[in-house]
Amino acid sequence: MPGQETPPGPHGRRRSGDGRLTHALDPHDAGPQDACGVFGVWAPGEDVAKLTYFGLYALQHRGQESAGIAVSNGRQILVFKDMGLVSQVFDEATLESLKGYVAVGHARYSTTGASTWHNAQPTFRPTETGSIALAHNGNLTNTRELLDRVAALGGAAGELEIATKPTPASTNDTSLVTALLAHHPDTSLEENAATVLPGLRGAFSFVWMDENTLYAARDPQGIRPLVLGRLERGWVVASETAALDIVGASFIREVEPGEMVAIDEDGLRSRRFAEPAPKHCLFEFVYLARPDTLMNQRRVHSVRVEIGRRLAEEFPAEADLVMPVPESGTPAAIGYAEASGIPYGTGLVKNSYVGRTFIQPSQTIRQLGIRLKLNPLRDVIEGKRLVVVDDSIVRGNTQRALVRMLREAGAREVHVRISSPPVKWPCFYGIDFATRAELIANGLTTDEIRRSIDADSLGYISLEQLVEATEVPMDDLCRACFDGVYPVELPAPEHLGKHLLELSPVGTDVDGLSASLAGGGARDSLDRP
Ligand code: SF4
């Protein structure tokens, strides 16, 4: 038997709650949602399932909808995945059953394909020449074209039936890539990957494996991060260096844009499948990546403190206290306080463990809104002129509720400072903001937004100052959500969108399980209100 994938539980999930522990302070005003975390390890003699578990644990902030781990012992790949947080999906007994020396893992936030068990990753595909399990961070933009290519492969020649049939088809871009990689009747997986990868467009940081080898690849723009680490007895690939730290791996280098690496008993092989044209995601520096991660040789925390310093110079305020919106606003607030000389303080306490729940809140609790997540420290706030530092404004509902709450707690003035420029455009490279119509900065001036959230003043850092704080050349960064210049060409709106593969039945079996696709298109994401 080439491998096995665990079927979903009776309801497609096993634990109570939906496992979504969001960054959003208000469930009706979700902030930017991350695009996934990936982790891979090749380490004979190590407990690779547990290393992957802890690696995913460190990457949980990148995706909270589902989690999965695939492990191979050299003969077969076993995949275990489910809806929920890493700590909800895996327990000691499950990890004990995943024995082997090569593994890949994934923590998902959905950007193409609904948030369902069938779209959870790693994706798995068995063939007569071996199996493949793949995990993806990013979002492809030529999904429609890839669907046609998968359809043209014809009747799944050389591919095996697997035990979970019949189940609903997966509807994510990753399954299409898995199908293309798995179809290599006349060549090795490695050679086939070198021909498939140049045909992909958009953002992809992949880790994948067959029974013996760990592979990783990053799109030519390097939009999403991917790093390489070394264990005493093996190698690790992960979305962020924070995941290397947690498993005791030393950081070696980034996987380069346009590079594919293969790791097995012969060591590490690298090849370039496309010329690098770096366009790193600017938003990773502002919000997405962990502050303790190293990105472009800079600690993200230090970059954010520097952003705060520059924000203070661009938008000073007469105030008594600088306070962050915890936790993502904290480093920039530290920098703002440092540069302005205004004391830094904690004015809001966050209840970090409030996520979405299936328990319906009573009307009384529903009205508390943002208070489910944040509680103001009245003693600190009362009578003060506050500078409140946050990372971004998406719809504005959160900031409006926040300002109201601070005023109710006795704040004399509330000056809002934002450590990113206004978000005016949606992201098609793996971050889920909102549609254009929902973005408050699309159509309103800064002063109109200030009035809408009822702040005494509002200042966003400029794009130029933000970019300078990163020390990455402007031309090497994707800034599309701020300036609308998309570095990787987008197809027609009807060929974009989270639910593209759920749009209309096309009769194509994207994951080798069954085929019934229906979905969306992104015209609503791009259209102005
Ligand atoms: S559009 Fe924004 S969030 Fe998306 S990759 Fe570009 S900078 Fe990052």
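By class, the shell around the ligand holds eleven nonpolar residues, one charged residue and no polar ones. Nonpolar here covers Ala, Val, Leu, Ile, Met, Phe, Trp, Tyr, Cys and Pro; Asp, Glu, Lys and Arg are charged, and the others, Gly among them, are polar. The residues in question are Ile223, Arg224, Cys281, Leu282, Phe283, Cys427, Tyr429, Ile431, Phe433, Cys478, Ala480 and Cys481. Element names follow DSSP runs numbered from the N terminus, with helices being H or I of at least four residues and strands being E of at least two.

Some ground rules. This is a predicted model, so local features need pLDDT of at least 70 and side-chain atom pairs count only at pLDDT 80 or more, while totals for chains, interfaces and linings use all residues. Residues are numbered from 1 along each chain as its sequence is written, and side-chain values use heavy atoms, with hydrogens and water left out.

Now the chain as a whole. The protein chain has 17 helices and 24 strands. Of its 529 residues, 59% count as buried; buried means under 20% relative accessible area, exposed over 50%, and partly exposed in between, with a 1.4 Å probe and protein chains only. Among contacts with a separation of 6 or more, 73% are between residues 24 or more positions apart, a contact being heavy atoms within 4.5 Å.

Next, helix α1. Eight of its eleven residues are buried, so α1 is largely enclosed by the rest of the structure. Leu51, Tyr53 and Leu56 are among the buried ones. Phe54 also sits in α1 (residues 48-58), but Phe54 is partly exposed, at 38% relative accessible area.

What does Thr141 touch beyond its neighbours within four places in sequence? The contacts of Thr141 include Arg201, Tyr429, Glu489 and His495. Thr141 lies in the loop between β7 (130-137) and α4 (143-152) and is buried, at 2% relative accessibility.

On to salt bridges, of which the structure holds 28. The criterion is a side-chain nitrogen of Lys or Arg within 4 Å of a carboxyl oxygen of Asp or Glu. Arg269 pairs with Glu190, with the closest N and O atoms 2.8 Å apart. Arg269 is in strand β14 (residues 267-272) and Glu190 in helix α6 (residues 189-196), so this pair ties together parts 79 residues apart in sequence. Arg269 is partly exposed at 28%, whereas Glu190 is buried at 14%.

Arg309 and Glu306 form another salt bridge, at 2.5 Å from N to O. They are three residues apart in helix α9 (residues 300-314), about one helical turn. Salt bridges with shared partners join Glu306, Arg309, Arg310, Glu338 and Glu468 into one network.

Last, the backbone. Most residues other than glycine have a negative phi, and most peptide bonds are trans. The bond from Pro326 to Glu327 is cis, with omega near -15°. Asn296 has a positive phi of about 50°, in the loop between β16 (294-295) and β17 (298-299). Glu471 has a positive phi of about 65° and counts as exposed, at 58% relative accessibility.

Technical notes:
A residue is near a molecule or strand if one of its heavy atoms lies within 4 Å of it.
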